[in-house]
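The sequence and the structure come first.

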Amino acid sequence: MSFLQQALLLFLLNFFDAVLTVFWVRNGYATEGNLLMASLLDIGDSPFLAVKLAIGAVTAFVLWRWKDFKIAKYGLLFSLVIYIGLMAIHFITGLSAAGLLSETFLADFSVWTNSVLT
């Protein structure tokens, strides 16, 4: 996969994260953990999505523009790993929302994610 494709994948994952976050928060299944983004979400969906997608687009562009630097390669890899992990969390949230996970699993998962993310 080329660097450009990876940068586009990063933006695409950012897009899905934004849309799924709005969906889960608006339906009461999750909260936004980033206080700045939570305040934007309190203002409305459009400001949240605009800022989230702008940050993702700028990040993907900067990483692609300076792709010849090792730090950009490592940064892109690190970002993709983080976003793939976020997609797993969105998947677990979806299973929970559908009632397919037990309360015990969700409690254990919540403790684990809080310890990893803090």
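Buried is used here for residues under 20% relative accessible area, exposed for those over 50%, and partly exposed for those in between, with a 1.4 Å probe and protein chains only. The model is predicted, so local features need pLDDT of at least 70 and side-chain atom pairs count only at pLDDT 80 or more, while totals for chains, interfaces and linings use all residues. Residues are numbered from 1 along each chain as its sequence is written, and side-chain values use heavy atoms, with hydrogens and water left out.

**Salt bridges**

A salt bridge requires a side-chain nitrogen of Lys or Arg within 4 Å of a carboxyl oxygen of Asp or Glu. The whole structure contains 2 salt bridges. Helices are DSSP runs of H or I with at least four residues, strands are runs of E with at least two, and both are numbered from the N terminus.

Asp17 is buried, with 7% relative accessibility, and Lys52 is buried at 14%.

The side chains of Arg26 and Asp45 form a salt bridge at 2.7 Å, N to O. This pair also links distant parts of the chain, with Arg26 in helix H1 and Asp45 in helix H3, 19 residues apart. Arg26 is partly exposed at 43% relative accessible area, and Asp45 is partly exposed at 30%.

**Packing of H2 on H3**

Helix H2 (residues 35-43) and helix H3 (residues 45-65) have axes that come within 5 Å and cross at roughly 140°. H2 is therefore oblique to H3. Axes are lines fitted to C-alpha atoms, for helices over the stretch in contact, and angles run from 0 to 180 degrees between N-to-C directions. Angles under 35 degrees count as roughly parallel, over 145 as roughly antiparallel, 65 to 115 as roughly perpendicular, and the rest as oblique.

On the H2 side, the contact (heavy atoms within 4.5 Å) is made by Met37, Leu40, Leu41 and Ile43, and on the H3 side by Asp45, Pro47, Phe48, Val51 and Lys52. By class, the contact of H2 with H3 has 7 nonpolar, no polar and 2 charged residues. In this classification Ala, Val, Leu, Ile, Met, Phe, Trp, Tyr, Cys and Pro are nonpolar, Asp, Glu, Lys and Arg are charged, and the others, Gly among them, are polar.

**Aromatic pairs**

Rings of Phe, Tyr and Trp (its six-membered ring) pair if their centres lie within 6.5 Å; planes under 30 degrees apart are stacked, over 60 edge-to-face, and the rest tilted. The structure holds 4 aromatic pairs, including the two tabulated here.

| Pair | Centre to centre | Angle between planes | Class |
|---|---|---|---|
| Phe23 and Trp24 | 5.1 Å | 70° | edge-to-face |
| Phe61 and Trp64 | 6.0 Å | 45° | tilted |

Phe23 is partly exposed at 44% relative accessibility, whereas Trp24 is buried at 10%. Phe23, Trp24 and Tyr29 form one aromatic cluster. Phe61 and Trp64 both lie in helix H3, 3 residues apart, about one turn of the helix. Phe61 is partly exposed at 46% relative accessibility, and Trp64 is partly exposed at 31%.
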